[in-house]
Each structure stands twice: as C-alpha cells, then as structure tokens.
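This report goes through selected features of one protein model. The sequence and the structure come next.

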Amino acid sequence: MSGSTTTGASGGQSLSALGVASAVLPTDKVTGVFGGAVQNGTVADLVAAGLPDTVVHTEDLNTALNNTSLGQYTAQAQAGAEQSQTSASQAATSKTAAGVYSQNAAQSASDAAAILEGTQQAQSQIEAVSAAAQNSVSGVTADANAARVLLTAAIEGNAPLTYRGYWNATTNSPALTSGVGTEGDVYRVSVAGTTNLDGNAAWSVEDAAWFHNGAWQFFARAGWAAFAKSITAAESVTAGNSRFTTAGGGNFAQVWIDAAARLLAALSSDGSLISYGASARLADRLLSTTQISGGGELVIGGDYSILGNTTPARWPGVQTRPDVALAVQSRPPGRFDDVVCGYAVGDTWRHNGTLYICTKNSARGAVWSRSVAGIDAPYDALFGSALLDVWSLKRAVSGYTGALIDVQIVQDGAWSAAVSIGQNGSGGLDTLALNALLAKRDSGTRAAVVRWHGQNGKADLTASPDTAPHIGETTVNGAPAVSWDTTGSGVAMSLSSTTISLPQAGWSVLTVGRYTGTNTSLGENVAMVTGGTGTANRFSTVAGLTEDGRVGLYLGSGGWVAGTKPQETSPSVGGLLWDGASAGVVHGGDVDLLAVPAGTVTGAFTGLSLGCLTHGSGDTGTPSNLVLTEAVALTGAVSAATLATYNAAMSMRHALIPQASYELHTIGDSRTAGYINPDGYSWPAIAIEEGYLATPPRLFNWAVSGSTTQDFIGYTQASVVAAIKAATRPVLCTIWLGVNDYGKIAYDPAAVCGRVQAIAAALLAAGAKHVFVLSEVEGPSQGVFTAVFGRMAGVTLINPFSPDLSLYSTTDETLWHPDHVHPLPDCDRAIAGIVSTAINHYLEDAA
C-alpha cells in the first residue's frame, strides 16, 4: 500500500468540507491512492496491510499532546506544526502538478497530507510536530535530551538543577510569581491547583514548575509515558541537536544520540528514563556506564585532551580526571591522587598492609612509593631509651606476654572481681576471652577497664569500677577500644597513675583513637590528657575553652591557655607534650606550641591521667571525649620526624586512614555533640566508625551542647571559617542548629532560619564546597527551612523528621531520650545514615 487514507469523497468536493464520521467500522470504505490510482479500500484491509515505519497517527500524537500530562505543551508545539503544514501543502501541490491523476485524486491526496494521515508527502510535517513536541516537553530548550536529563534529576531531588522542594498549587505556597524566579529553580507540586504561573494554570500532583529563560515552565511528570507512546512508531525524530531513534531491541523504546554520535540516554516504552554517558541519578540510584556493557561517553576538550571517559576504551596516558578522590580506603594510590585532590609530598596512604608515601606531586599527577620495611617496629626499637611506657590493646613492646587490661563487670547487681584479658596469638586483645566475660554481665550494664597494663613496666593506669572507662561498647576502625562518656556525663571517668614521673626537661604523651568532639560549652571542660597532679607542674588538654572549638590547656593553678587548632575527631593521633619551655597539643603530625605563664613548671611532673579533670582543687567538669586504643609516654618532646614515624606506624597498627580525601565539619548543638549518650556516641562518630560514609573524611565535630545559632556565630564561627580556609583538601559542612533558639531567644522560625542561612553563607564564602542543612522538627520550621534552603546554591536540605521516616515522632522513646530532644544511639545511627546518603550522592556526582 502507498499513498494516504481519507474519509470518503465525491465529485470535486473538498474533503475538509465533509462532516466527521461518528464511528468507523472495519467494513467501512476509505478512499485513497492505492497502486497509483484513486480507489476505495476497507479499514480492515488497511490494518492488515500495516503502515510504513515512518507513519505516526494523528490521533496518537494529538492524544499525547492534549492529555492531562502533556496538554499544556500544545500551544508551544503549535508554531512548529503550522510551519510544517505549509511545507506539507507545498509538497502536495508539487505532487499534484506533476501527477497524472484526476482532479478528485489530487484534491484527495492534498487534503490527506494536510490532515496528517501519514502520506510520504507529509513526512516533513510529522517530524516537525514531533520535534516541536520534544522541545516543548523539554521546556523549549535548544537541546531536548539535556533538558530532560536535568529535569528528571531535579524532580528526584538531585542536582544538577536546583530542587527547591514542594509547592502547593492551590494556595501558592511558597509564593511564586509569574516572570520572577532564579534560573534553574524547580518546585515539585504537592497539592494540585490552578495558580497561574506564566500562563500555566492546571497543576497536578508530582508535576513541577521550572524557572527557565525568565518564565515558569510546566513540567508534567506523567508526560514521559505519553511522549514515549507518541513516537514509538517513528523511525527517527530530530529535536534540537539530538536525534531520537528506535533502539533496535526489546529493552527501550528510543535511545538518544547527539550530533557527535554519543549515546546519551534511553527512554523505555513505559516512559522511564535511563541515562548513559555521564552519570545520572534516578531516585537513590546512581546509574553509570559501568552498568551497561559497551556504553559510555568520551569528552574531549578544545586542546584535544581527554576530559572525561566513561567508555571501556583506554589509550596510553589517558585517565579520567577526578576532583575528589573516592573509595580511598579500598584501593592503592594512583596518578591522580595528587595536588588537585589535596594531596602533598610526604602524605601517606595505607592499603592492604602496605604504606605508600607521596614523593612527587603536581597538577599533572603524583608518584607514590612504598614505604620501607620496619615501619611497624616494636616501641622499644622505635623509641629506644625514650620510651617510658605504653598502654595498648595490642602488644607494643618486644617480648611482652602479660595482660593488656583488667576488666570488672556487674553480676547480680554487684561488681565482680577483676579479670585480666591477655593477648591472642598475634599479639592483639584476646576478644574471645573478653566476649566470654561480657556475656556474663547483668543486662544493661557496662564493663569497666580498671587497669591498663604498662607494657614497659613503669606504671599501670588504674581506676575504681565506678569511675573507670568502658570496654566492649564501641570500636576504633573496627577494633576494640576503651571509651569514656562525653558531654553530659554524670560520672568523672579517668585512668591514672600517680607515680609515673615525667621529666621537667621534657616529655610527650601520645594517644591513638577517636575524639568525640573538639568543642564544649562554657565551664564543661571536656578533657583528654593530663600530665602531673595537684596544682603545680600540671596541665591538661581541654577542648573548646570558650566554645571556640580549639584545644587549649587547663593549668593546675586554675588558669587557661587558649589553643589555635581544632582536634580532629576521626581516628588519629593526639596528645600533649612539654619541651622545657612551652607546652604543645598534638594534632596528628603537627604540634600546636603554647606558651604557659612563668612559674607554671618548677619541677618534674608526677602522675599521668587519661580522661576528665580530677586531680586538683577547683577542677570542674565530668566528661571526656576519648575513645582510645593506645597511649604512649616518652621522655623528651617528640621531634617532628619521630612524630611522623609514629603516625605512619599507627596507620599500620590501628588501621588509620591518612589518605582521607576531604574534611567534614559538623556544626550543631547537643544532638550532634552526643549529649548524655555513653561511650562517645554521636551521629558524626557513627557515620565514620560504622562505614555509612562511603569515602571516610577527616572529621571535625564543632557541636556544643546547648548552643544556639547566636552562640555559634558569636563563639565558634570564626574558628570554623579559619579551619576551612586553612584546609588543603575539599571541605564539606553540616549544620543542625535552631532548637535551642526557641527556648533561649524566641520562637521565631523565620529568624532562626535566617541565622542558619547566614552561617551557611559564611562557610561557603570561606571555601566550603557544599553545606548540608538539617531541618528542625515538623511544624512552622519545616516550611520555612524548605522555602529558604530549597533556593540556596551550594546547600542541600536534609529533613530527618520527614513523615516517611521512623524518626518523625520524637516521643518514640526507643529512639529518643525521655526529654524528646536528644537522640539515643540507635537514633543517631539512623541520622548518620540519612546524612551520609546525601554526602555520598554529592561526592559521587562531584567526582
């Protein structure tokens, strides 16, 4: 069959003047050009004969363009249709002039082309209408496929477009105005309505309003299926710079190819979108070419260099250029783990029992060398005669065969006798013996470490069971750890020796583990390490003396010395030293030297303590922030070279991750600080320790119990800004503040949100790459936070109180403390998962 199908015709009457049949039956007659002559045929014969692949039914196309999903694009597609109408009519006229058919046949063919019933002469019109529909659905952009990928990602709540949250189309909340908006903003319709935005006045749930080119564009979420149906029969349709074609298989209705023949995306027959080439996000899944054999995209710069490569093909010297190193804990270092990603010469990287050291570094790539053997030597060999003693949950001194810790448990309501826990066959803690002991304790009680044995024979660190730290409650990089209670603790916990002597000429105490926070409320005095006892010849490291987040000194005489650096709170090396003239706070491989008042040190320091301040009159504060696997005491102030060697050794002994590729700064109040949770539990600590963050960062937890937004701005913000500016690797931040404002300042959600917005702006201005804001509980705060942070560039809003999450009810005492404000550890774990998912998505997209 060739030619067009029409309704019946008679004489020379124009087809367009005839009435419209109320119904069409298979036996009805249809007049058309068949076999080069005007003849009658039946509808059944036409269906049986099939249609050319190039035919698109007018009815199908009209249905797609006029249903509830796509109806609002009809006007936008009209211009393309009218333009192509002229081309089709001119083509039909040319055909008539050259034809040998009767006037009736010519008129019939012309009218058939005009009403889009599938003639070859009307092919240009079909393609033009299809292209116009494509561009309309895409928001009338020059590149339809690119707009579609962007809009789909935005509707799923994932950038690249700026997803602003929900919009009530009945009440126009938040208020949107025709012609007014920020380029790229996208709102998802939560309540259907008729608010008129730039001529669009029929909104259904899950539609979206997109501000583009100075106006609000309508985007119908359900439009994908109708659009797919309308062009499934088309062999090829061109839209903007893209060509849509059949996939040639059963999986997809169309695949999208750009002008350079790159495979960009696929549209299934049910309207779902899958992106190839550059990765795209659908819901909570990141789809990339690694999931599709042979798929990919090659991006070539103006200088012909390879900027991006997601295909299986590789060429000598060609590798994809990342900005952030990912999966650093599960692979060795590579060429592009370089200065662009924040690495420097001398940095170390641990993988599979091997330590690598960066020896060359530039924007063109880095060179990493394997470290020499012996980096994990016993401490009597590593430190020689400078070793005073070491307390570790692993054998650290050659030939030591004794117990590592003594533990007491509560049985039948009373403390048991102390049980020594020794070493396993490889020198680690005998966890089988420890777990057997823990299984005997009363439900709901914790095991107390009452003695940490000194492996060099100088001194043990001891405590009574009521004031001792715990074992078996948490870990450091998956290994057993001794844990202290942090902010809000009701018990002053410490492990101490009152006999060990630290020389007046100099000494060092180094610790390995996690540190719950780097800040504290005024007067809480969250301590870590104390050298000496009494009032003379004593000082302690204390976090956040004035809520500035920097680790300073508390003197035995009652004075304070402010520090200049925050404490890294992810697994790392910390500690305290005295060089004979100044005290120093250890931060990984750096030492923050602090001058102490004259007369503070007049002799040797007698005694050593890990934990809270309990060794002199006037000491205050019960919490600590320690979760430790080791401490070591040395004579003399440790040198920079020795400290570097010790850090490298700890990477091997205690699985530290020195190659962490970014910094995460968490800002908040007691809910982020871990207030009244035992053993250093907080959601940032859980995110690190339990692997919720796919790529582990260097963590700095600046949270302060009781803090308001005004407190942060007044006391802490300057320190955070300085730390961000000093960072050598990318910085991400989280903010969870506001609940204390309601009780301490005023119940004014808009004012609270405005201050949080000012904090986020300051962090971004300092150089943070992205900020994640956690909203407050349901109520007026929710709408305000959504309206403000849905519009703010560089910010992702996270709602832990969404009704579809288990945390929604703060009266659930399986998740929240009885005060209905502070999360229990399981609730912290859920929050860690929610926040980490957002961070993981951001890093995947950024890379």
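Is Gly674 buried or exposed?

The model is predicted. In it, Gly674 counts as buried, because its relative accessibility is 3% and the cut-off for buried is under 20%. Gly674 sits in the loop that runs between helix H11 (670–673) and helix H12 (683–689).

Leaving aside residues up to four places away in sequence, Gly674 touches Thr486, Thr487, Tyr681 and Ser682. The C-alpha atom of Gly674 is also 8.1 Å from that of His822, although the two residues are 148 residues apart along the chain.

## Nonpolar core

In soluble globular proteins, nonpolar side chains tend to be buried together. Here the largest nonpolar core comprises 72 residues. Trp452, Phe539 and Leu553 have the most contacts inside this core. Strand E39 (residues 626–635) supplies the largest share of the core, with six residues.

## Aromatic pairs

Over the whole structure, a search finds 20 aromatic pairs. One of them is edge-to-face because the ring planes of Tyr379 and Tyr646 are at 65 degrees, with the ring centres 6.1 Å apart; the cut-off for edge-to-face is over 60 degrees. Tyr379 belongs to helix H8 (residues 379–382) and Tyr646 to helix H10 (residues 640–653), so that the pair links distant parts of the chain, 267 residues apart. Tyr379 and Tyr646 are both buried.

Trp507 and Phe605 also form an edge-to-face pair, because their planes are at 70 degrees; their ring centres are 5.2 Å apart. Trp507 is in strand E30 (residues 507–515) and Phe605 in strand E38 (residues 605–611), so this pair ties together parts that are 98 residues apart in sequence. Trp507 and Phe605 are buried. Together with Phe539 and Trp578, they form one aromatic cluster. Phe539 is also among the residues with the most contacts inside the largest nonpolar core.

## Helix H9

Which residues of helix H9 (residues 431–438) are buried? They include Leu434, Leu437 and Leu438. These three lie on the same side of H9, because they cover an arc of only 100 degrees around the axis. An α-helix has 3.6 residues a turn, so residues three or four places apart point the same way.

The cover over the buried residues of H9 includes strand E21 (405–408), strand E24 (419–421), strand E25 (447–452) and strand E27 (470–476). At the N-terminal end, H9 is capped by Asp430, which has a side-chain oxygen 3.3 Å from the backbone nitrogen of Leu432.

Terms used
Residues numbered from 1 in each chain as written. Predicted model: local features only at pLDDT ≥ 70, side-chain atom pairs only at ≥ 80, totals over all residues. Heavy atoms only, no water. Core = buried A, V, L, I, M, F, W, Y, C linked by side-chain atoms within 4.5 Å. Buried < 20%, exposed > 50% of the residue type's maximum accessible area, 1.4 Å probe, protein only. Helix = DSSP H or I, 4+ residues; strand = E, 2+ residues; numbered from the N terminus. Phe/Tyr/Trp six-rings, centres within 6.5 Å; stacked < 30°, edge-to-face > 60°. Contact = heavy atoms within 4.5 Å. Arc of directions from axis to C-beta. Polar contact = N/O pair within 3.5 Å; in protein donor to acceptor, adjacent residues only side chain to side chain.
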